[in-house]
Amino acid sequence: SAASEAFRTLRTALALSDAPTESVVVTSTQPGDGKSTVAANLALAFAQAGKRTLLIDGDMRRPGLTTLLGLRNRPGLSEVLRDTVPVEESLTARLQTEVTPNLDVLPCGNRPANPAELLSGPRLTDLLTWAGGQYEQIIIDSPPAPLASDTVIWGRLAHGVILVLQPEKNKRREVLRAAQYLAILRIPLLGLVINRVGNRNEKDYAGYGGDYYGHDSSKAKEGDTVMVSE
């Protein structure tokens, strides 16, 4: 489908980037822009290309990725960050490996009351350091950039950030504010993913989100496509 090809194009753009892109944070300007769907499908695109990929639900405030993949009520990131055993042992015990070949998923886990404080601890650095030696690609879904400090924490540890937006929904000043926010904090902005654009009358474009994982894609709108702009 056109949507599948769009994610392959996004994968290729990241692979050919002059900047390092082995660990990428996916964020947005507002809730509901489709960042979790983009993160999931981008990770799948890398896995289908034969790259060993780790997908992390780093949004411990509204873990849409965990819900999308049907992994609610399973231990995950929050438990790893709270644990006292070595990170490698705690992480491997909570990885979900049954989604698709070459793709491991770390769900959100139980939603903590203090996500920013939990992410600020030393275990997150240890987690990404270990994962960087085990995986060729790491994709992290994080909260909307201007609304939570979590994205700043993830962005400083990863190679860069992708900003997801919807032209019909997001105002220009909101997008500029989010980009400036990342720039001020010296977090590399790798590009923009323009979500839900294209010919909405062609059914071949419909439902790029849930189809890959066997979930109901009725919430996706016809015409959903993705582009990257560096």
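Leu54 stands opposite Ile138 of strand S5 in this predicted model. That pair belongs to the pairing of S2 with S5, where five bridges join the two strands. S2 and S5 run parallel. Strand S1, residues 23-28, also pairs with S5, through four bridges. S1 and S5 are parallel as well. Here Val26 is the residue opposite Asp141.

S5 spans residues 137-141 and is mostly covered. Five of its five residues are buried. The cover extends to both faces of the strand. Gln137, Ile139 and Asp141 lie on one side. Ile138 and Ile140 lie on the other.

Asp141 belongs to S5. Its relative accessible area is 0%, so Asp141 is buried. Beyond the residues up to four places away in sequence, Asp141 touches Val26, Lys35, Ser36, Ala39, Ile56, Asp57, Gly58, Asp59 and Leu65. Thr27 is 114 residues from Asp141 in sequence, yet the two C-alpha atoms are 6.5 Å apart.

The chain as a whole contains nine helices and eight strands. It has 230 residues, of which 53% count as buried. Among contacts with a separation of 6 or more, 80% link residues 24 or more positions apart.

Two helix pairs were examined. H1 contributes Phe7, Leu10, Arg11 and Leu14 to the contact. H2 contributes Thr37, Val38, Asn41, Leu42, Ala45 and Phe46. By class, the residues of this contact are seven nonpolar, two polar and one charged.

The second pair is H5, residues 87-94, with H7, residues 122-134. The axes are 10 Å apart, and the packing angle is about 70°. H5 and H7 are therefore also roughly perpendicular to each other. On the H5 side, the contact involves Val87, Glu88, Ser90, Leu91 and Thr92. On the H7 side, it involves Arg123, Asp126, Leu127 and Trp130. This contact divides into four nonpolar, two polar and three charged residues.

Burial within H5 falls on Val87, Ser90, Leu91 and Arg94. These four cover an arc of only 95° around the axis, which puts them on the same side of H5.

S3 and S4 are themselves paired. S3 covers residues 96-100 and S4 covers residues 103-106. Two bridges join these antiparallel strands. Thr100 has Leu103 as its bridge partner in S4. The two strands form a hairpin with two residues between them. In the turn, Asn102 has a positive phi of about 70°.

Positive phi values also occur in loops. Most residues other than glycine have a negative phi. Asn73 is not a glycine, but its phi is positive, at about 70°. Asn73 sits in the loop between H3 and H4. Its relative accessibility is 77%, so Asn73 counts as exposed. Arg186 likewise has a positive phi, near 60°. Arg186 is placed in the loop between helix H9 (172-184) and strand S7 (189-195). With a relative accessible area of 77%, Arg186 is exposed.

Another loop residue is Arg61, between strand S2 (53-57) and helix H3 (64-68). Its relative accessibility of 31% makes Arg61 partly exposed. Leaving aside neighbours within four places in sequence, Arg61 is in contact with Arg111, Pro115, Ala116, Pro143, Ala148 and Asp150. Arg61 and Ala113 are 52 residues apart in sequence, with their C-alpha atoms 8.7 Å apart in space.

Methods. Residues numbered from 1 in each chain as written. Predicted model: local features only at pLDDT ≥ 70, side-chain atom pairs only at ≥ 80, totals over all residues. Heavy atoms only, no water. Contact = heavy atoms within 4.5 Å. Nonpolar A, V, L, I, M, F, W, Y, C, P; charged D, E, K, R; others polar. Axes fitted to C-alpha atoms, helices over the stretch in contact; angles between N-to-C directions. Parallel < 35°, antiparallel > 145°, perpendicular 65-115°, else oblique. Pairing = 2+ DSSP bridges. Buried < 20%, exposed > 50% of the residue type's maximum accessible area, 1.4 Å probe, protein only. Arc of directions from axis to C-beta.
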